[in-house]
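Hi,

Here is the structure I said I'd pass on. Have a look at it first, and then read on for what turned up.

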Amino acid sequence: MSTTEFPSTDSAEFPERPVDAVDLGDQDLGDQDLEEVDAWDEEELEEEPVLQTDESAALIGSMAVHILIIVSLAIAPSAVFKDEEAVVIVSPPVETESEPLVEEVVFSEMPEIAIGANSTAEAEMADASAEMFAEIAEIPSPVELEKSDLGDIEVNRIFSQPMAPMDRLTDRKGTVGEGASGAAGAVDRLTFEILQSMEERPTLVVWLFDQSGSLHRQRREIRDRFDRIYDELGIIADAKAKDEKELAAQRRRGMNHDAQLLNSVIGFGEKITLYTETPTEDVDEIKQIVDNIETDASGMERVFTAVKSAAEQYKSLRVSRGGNEPQRNVLLIVVTDERGDDEQQVEDTIEICRKYGMPVHIIGVPAPFGRRETLVKYIDPDPKYDQSPQWASVDQGPESFLPERVQLPFTANFEEEPTIDSGFGPYALTRLSYETGGIYFNVHPNRNVSRRVNKRDVAAYASDMEYFFDPAAMSRYRPDYLSPRDYVAKVKSSPLRTALVTAAQLKPVTGISRPRLRFIGTDQARLSGDLTRAQQDAARLEQPLARMAMTLEPGMKYRESEESPRWRAGFDLAMGRVLAQKVRTETYNAMLAKAKLGMSFEKEKNNTWILEPSDEVTVGSKWKREAETAKMLLETVVKEHPGTPWELLAKKELEVPIGWTWTEDFTDLSPPPRRNPGNNNNPPRPASDDQKRMLQKAPKRPVPKL
C-alpha cells in the first residue's frame, strides 16, 4: 500500500492569534485615580442604542476579524497541501487457481518491436530468464563503501545471478564444443546434470540410442557406466533394498510416481522404437535393454523424429495442472555418431522441447571442418568374421548451416584431403542442444590436441581425423546457431560473409596431382611439346581459381569492420589460399611460356631444366602484388587465430612457396645396362597351400550402411 507524506506546519508560518482578546484602543486604565474622573451628567446617562455604542462597534469588528482569520486557517491546508495528481491505492489481486497449460500454442517467427513481458495464467507476472548461465553474476557492483577503521570491507557481488527454472525455460542457451575422449567421460559429466535436476524435482531421463552398427562401442561404454551413475546418485542402494516381487508389483502398477529418478529407453534408425512402455527405476532392466538393442542396417538415422516423439510421449509430465508444479523434469540424452537424416525436423523439435522445458543433451561426434563426410574405421563386431579394418563414409558435418570453407585442396582432390576437427558438432544436432539448454559432447577416442593422429592409430568405429583443437581456444569461434532464415539474413547483411559463403559453394578445384617440373632440353621441338602439355594442365586450374578470387574480392573492403573472429578468420584464410594458389598456378604457366622462348644452359654438360618452387615471383608485377596480399592474409590468420583450424591450414599454405625459378641439371640419357637373365641363384619359393590358407582365414562381410 502506498503512502503519501504531507509537509508539517510550524508556528512560525502560522502564528497563534488570541481569539478572546479585544483591542480597546489607546485607553489607559492603569494607575489613574478614580477621584479624578468627572461625574456624569444626565445627558451622558441617557441610554444609547446598543448597535450605536462604541463598545458594540468594537465588539462586532473584533468578531468579524476573528471569524475571517478562522475561515482563512480552515481553507489554507487544502490550498497548500493539494496534490497535483490523485493518489490511488491498489490492493493486491485475489489469487485464483491457475488454469492448465494450453497445449496448442502458435509461435511467431517475427521479432516483436515493443519490449516487455506479458503475464500468463500460471504466474502473476512473467519471470525473467538469463541468456547466459554462470555460477557468478557478471553484473558489476554499484556500491562503493568507504574505508573503515575496523578494516577494509569489499562488496564484490550485490546481485545474484538470475536463474530460469527448468519448466519456464525461455531464453537459456546450452553448451557446445565440450570435447571428450569417450562416451564414459560424457556420461560422468551428465551425472551432475541429472543430480541438479533431481534437486529441483523428481526426474525422468530418456535415453535415445542410435541403432547403427558404428555405435556399437559407445552403447557398450554407456551400458557399463550405468552402475556408477546410479550409485553416485544413490539409486543403486534404494533399488537393492527392494526385492524382485516388489519391483515386479511396481511394474504392474505402472509408473512409480514416488521414485526420485526414472528411466526410459528409445532406439532409432529407420524406425523409432520405445523399449520401455512404462518408465522404470530398475537399473538392471535398463542395462539389459541396452544390451539387446538391435543393429539397424538401413543406414537411416531419424534422430530428430525420435527426440520429437519422446517429447510428445512425456509432455504430460511437464504440464502444470491445478496450480501445481509439473510432476517431473524430463532430460533427453541422445547417443549418436551422425548428423541425422531428418534435419528438416530440427525447428519443430526445438519448438516442442523448449515449450515443455526438456533440455536435450547429445553424446555425439565432432564435425569435420567445413566438410560433410568423413571416413569411419569399421571392424566387424562379430569375432567370427574378418577383423581387419574397413573404411566407410559417414555424414558427420559440416559444423555450420552453410559451408564456410572453400573447397581448395593441397593435393589433386579435395575429397581425399585429410579431415580435421572443426571444434564443434554437426550444425543441426548442436543447434538442437544449444537452443534447448543442453550440452553437446564431441566424443572421439583419439582426441589429442598436442599432436597429429595417424590413420593407423584411429580406434575402431571412430572417424579419421588428423588434428584436434583445444575447446578453450575454439570457444570464440562458435558457429551461428540461428534458424535457416535468420542465418541467411545475417549472411546477406554482410558483403564479406556473402562472398565467403558463395565461394564455399563453388565446385571443388581439382588440382594437379604431380605437376611436371623436369624438362629435357636437348631437343628444342620435344622441349616445346612437353612445355605446351604442362601448360594445358595448369590452364584448367586458372579459370576456377580466378572465379573464386573474383567471388571473394568484394569482401576485402569489409575485413576491418567484421567483428566475428570466426568469419574474419574464415575469409582471410579463403582469400589468402585462393590468391596463393592462383599466383602459383599462373606463374607456373608463365614460367613455362618463358622457357618456350628459349633458354641457354650455363654449364655445357647440363641438359635438363628443372622448375623449382621459390619465395620470389620473377614474372609480372600483378602477380607480385597478389602474392604479397596472399602472404599478408595468411600471416594475419596465423597471428590472430592461434590454436584453430584456420591457423593450421594457413601455416600449411605458407609452407609452399608461391613463385618459381628455373634451375639446370644433368640427366644421363644413355640406355640402362642389360640385366642378366635368371634368378641370380636364388632358391625357389616354397610351395604354398592356398586352399589351406583360405580355410584358416575368417570370412569377410561387407560394411553395413552406417
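Let's start with the rings: there are 14 aromatic pairs in the structure. Rings of Phe, Tyr and Trp (its six-membered ring) count as a pair if their centres lie within 6.5 Å, with planes under 30 degrees apart called stacked, over 60 edge-to-face and the rest tilted. F369 sits in the loop between β6 (360–364) and β7 (373–378) and W646 in helix α17 (residues 645–654), so the pair ties together parts 277 residues apart in sequence. Helices (H or I, at least four residues) and strands (E, at least two) are DSSP runs, numbered from the N terminus.

F369 is buried at 3% relative accessibility, and W646 is buried at 3% as well. Buried means under 20% relative accessible area, exposed over 50% and partly exposed in between (1.4 Å probe, protein chains only).

Before going further, a word on the model: it is predicted, so local features need pLDDT of at least 70 and side-chain atom pairs count only at pLDDT 80 or more, while totals for chains, interfaces and linings use all residues. Residues are numbered from 1 along each chain as its sequence is written, and side-chain values use heavy atoms, leaving out hydrogens and water.

Back to the rings: F401, Y427, Y434, Y481, Y487 and W567 make up one aromatic cluster.

Now the inside. A nonpolar core is a set of buried Ala, Val, Leu, Ile, Met, Phe, Trp, Tyr and Cys residues joined through side-chain atoms within 4.5 Å. The largest one has 48 residues, and V206, L208, V307, L332, V334, V360 and W646 are the ones touching the most other members. Helix α8 gives this core its largest share, 7 residues. Leaving aside residues up to four places away in sequence, V307 touches L208, L332, V334, T349, C353, V360 and L432; contact here means heavy atoms within 4.5 Å. Another core lies apart from that one, with 30 residues, including L190, I222, L261 and V283.

As for α8 itself (residues 303–314), its 12 residues should span 16 Å at 1.5 Å a residue, and the end C-alpha atoms are 17 Å apart, which agrees. The expected span is 1.5 Å times one less than the number of residues. The buried residues of α8 are V303, F304, T305, A306, V307, A310, A311 and Y314.

Cheers
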